[in-house]
There are 2 protein chains.
Amino acid sequence: MNTIIIDGKRTAERVRDKLRTAIEQLKQAGHIPGLAVVLVGENPASQVYVNSKVKACEELGIYSQKWSLPTETSQKELLELIDRLNHDDRIHGILVQSPPPPHIDEAAVVLRIDPRKDVDGFHPVNVAKLVMEDPSGFVPCTPMGCMELLKEYGIETQGKHAVIIGRSMIVGKPMAHLLMGKHANATVTVAHSRTTDLAGLCRTADILVAAVGRPGLVTAQYVKPGAVVLDVGINRVEDSTRPRGYRIVGDVDYAEVAPICRAITPVPGGVGPMTIAMLMANTVKACRAACGVG
Amino acid sequence: MNTIIIDGKRTAERVRDKLRTAIEQLKQAGHIPGLAVVLVGENPASQVYVNSKVKACEELGIYSQKWSLPTETSQKELLELIDRLNHDDRIHGILVQSPPPPHIDEAAVVLRIDPRKDVDGFHPVNVAKLVMEDPSGFVPCTPMGCMELLKEYGIETQGKHAVIIGRSMIVGKPMAHLLMGKHANATVTVAHSRTTDLAGLCRTADILVAAVGRPGLVTAQYVKPGAVVLDVGINRVEDSTRPRGYRIVGDVDYAEVAPICRAITPVPGGVGPMTIAMLMANTVKACRAACGVG
């Protein structure tokens with residue numbers, strides 16, 4: 001089978017190209033989209049993510065603020081910063097990098113972000129808008145990126161059976177709503193750790209989304225020949241042949257699965273690059289809404 | 001097969017018995033649960049529903065207010081009434097009977113109800129709480145009643161495949177979240193009008209929930225022998241042999257399906273009676289929360 005390797009880097013670049021035009025128009029009207037990225041603590045992976053987000057802003061001409069707070073920052077101090085950013089007219093999007101240190105109540109922090117600036121799409125107001133198919137809300141970036149990939153590659157969803165492995169608030173559940181909604185019209189199954197005969201269920205999928213965080217879980221026996229496979233997993237596995245001592249793999253056993261499917265996202269280079277592109281898209285959307293621009 | 005006929009009337013009575021005890025305890029502590037039911041216009045079916053709800057309150061000793069407003073009531077007048085009820089300490093639950101007349105923006109009305117008094121579970125705050133599995137929210141009454149029936153009849157959900165036909169905000173979507181959540185752990189598929197081979201999909205279900213409003217859609221070929229079938233449909237079909245000229249049927253062809261399944265809810269007498277019982281349960285829950293009673 002001639003498998004299509006879904007190119008997330010190229011698709012993200014196309015998204016950024018469209019955003020550049022939108023940002024240029026906003027600037028001509030006197031508006032500059034702004035994103036505040038807040039990091040509490042020293043988690044090295046979080047630092048990498050935060051820096052990537054700030055860099056993505058710079059490349060597009062989005063104004064950004066990076067707040068690196070010490071691990072011992074109190075809940076109260078963090079909430080005060082959120083309040084300040086909520087009221088800062090230069091800032092249209094706010095995100096607090098997950099996970100925060102254990103003494104921080106992450107749900108309370110998300111709840112404090114003005115839903116109109118919640119570009120991660122984690123605030124309950126935006127959760128409800130997604131479920132209710134209200135397009136004014138913000139959709140979490142990773143599932144939004146998956147939908148964009150399907151669109152870019154002309155992959156029909158209507159009437160297709162989509163199986164999502166994972167029921168998280170960040171990927172599984174929003175992905176289910178995006179796919180079952182009236183714009184996509186897929187028949188959607190959400191599977192998880194308690195699903196019996198996961199392989200057999202997954203083999204019924206026309207579109208399989210793996211978002212469970214288990215390296216190589218999805219082997220060939222999980223995949224119907226000709227299915228489309230989106231691999232959302234980003235897992236570090238030890239690899240002494242690499243300078244860093246590890247490599248990044250997805251939830252899909254790519255070598256086994258790629259030959260039998262119609263299209264697949266590689267890891268890295270598939271869904272990953274889309275996530276930050278969608279964050280930029282949400283920031284531009286927030287700016288347009290705040291400035292009353294169509 | 002010895003099919004279990006799931007008795008919604010009896011189960012609703014058991015729910016009411018438990019509520020009577022809870023209400024008695026609240027009264028001894030000086031609290032009386034209160035529900036306000038608002039009806040705009042003359043829809044005869046709505047009048048029947050509203051009267052049933054008020055009657056259910058009376059039977060349990062729940063304080064109730066029935067507001068029957070003329071069809072020509074303006075959006076503004078309705079919102080002002082909601083505001084008044086939001087601030088009325090005797091009222092713990094508010095519901096506006098659906099559907100309102102066409103000039104009323106129902107979403108805006110629901111949004112105006114204090115989420116702590118939204119005993120229908122339609123407010124975005126409660127939608128999000130259900131998705132996020134936050135037990136402080138209110139769950140829509142019909143899917144909540146379905147879950148109660150499964151519990152009452154000892155029907156295991158963990159690892160089972162549940163197929164829900166219908167993706168409405170009132171039944172399909174909340175039912176999906178209740179069944180996929182960590183308390184139920186079912187593998188959940190949401191099917192709808194665009195699903196291809198609906199019969200074949202439904203035949204893979206251990207638990208089949210029909211909530212689509214199409215009389216007799218689910219025939220024997222939709223049902224795996226031994227499955228559990230919950231029929232949420234309440235459809236009027238013409239029947240000249242009945243004094244009223246119609247009879248109420250579900251979405252399931254009961255005569256065909258009942259013999260092959262393990263358990264089934266009849267219509268009427270299955271899911272229907274549970275809906276009002278769950279409304280009463282939500283009203284008591286709202287009262288307990290408002291009064292700070294465990």
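Colleague: How many residues of chain A are in contact with how many residues of chain B?

Modeller: This is a predicted model. Contact here means heavy atoms within 4.5 Å. On that basis, the count on chain A is 29 residues, and on chain B it is 29 residues.

Colleague: What is the N to O distance in the salt bridge of A:E133 and B:K173?

Modeller: Two salt bridges are counted between chain A and chain B. A:E133 and B:K173 meet through their side chains in a salt bridge. The cut-off is 4 Å. The N to O distance is 3.1 Å.

Colleague: Which element gives the largest share of the side of chain A that touches chain B?

Modeller: Between the chains, 20 residue pairs are in polar contact, both at pLDDT 80 or more. Elements giving two or more residues to that side of chain A are α5, α7 and β6 of chain A. The largest share is five residues, and it comes from β6(A).

Colleague: How far apart are the end C-alpha atoms of helix α2 of chain B?

Modeller: The helix has 17 residues, 44-60. At 1.5 Å a residue it should span 24 Å. The model agrees with that, as the end C-alpha atoms are 25 Å apart.

Colleague: What arc do the buried residues of α2(B) cover around the axis?

Modeller: The buried set is B:S46, B:V50, B:K53, B:V54, B:A56, B:C57 and B:L60. They lie on the same side of α2(B), because their arc around the axis is only 155°.

Colleague: Which exposed residues does the face of α2(B) turned away from its buried side carry?

Modeller: The buried residues pack against α1, β2, β3, β4 and α10 of chain B. The face turned away from that buried side carries B:P44, B:V48, B:K55 and B:E58.

Colleague: Which residue just after α2(B) takes a positive phi?

Modeller: At the start of the helix, a side-chain oxygen of B:N43 comes within 2.9 Å of the backbone nitrogen of B:A45. Just after α2(B), phi is about 80° at B:G61.

Colleague: Is B:V212 buried or partly exposed?

Modeller: B:V212 sits in the loop between β7 and β8 of chain B. Beyond four places in sequence, it touches B:I165, B:L217 and B:D251. Buried would need under 20%. Its relative accessible area is 33%, so B:V212 is partly exposed.

Key
Residues numbered from 1 in each chain as written. Chains lettered and ligands numbered in written order. Predicted model: local features only at pLDDT ≥ 70, side-chain atom pairs only at ≥ 80, totals over all residues. Heavy atoms only, no water. Helix = DSSP H or I, 4+ residues; strand = E, 2+ residues; numbered from the N terminus. Expected span 1.5 Å × (residues − 1). Buried < 20%, exposed > 50% of the residue type's maximum accessible area, 1.4 Å probe, protein only. Arc of directions from axis to C-beta. Polar contact = N/O pair within 3.5 Å; in protein donor to acceptor, adjacent residues only side chain to side chain.
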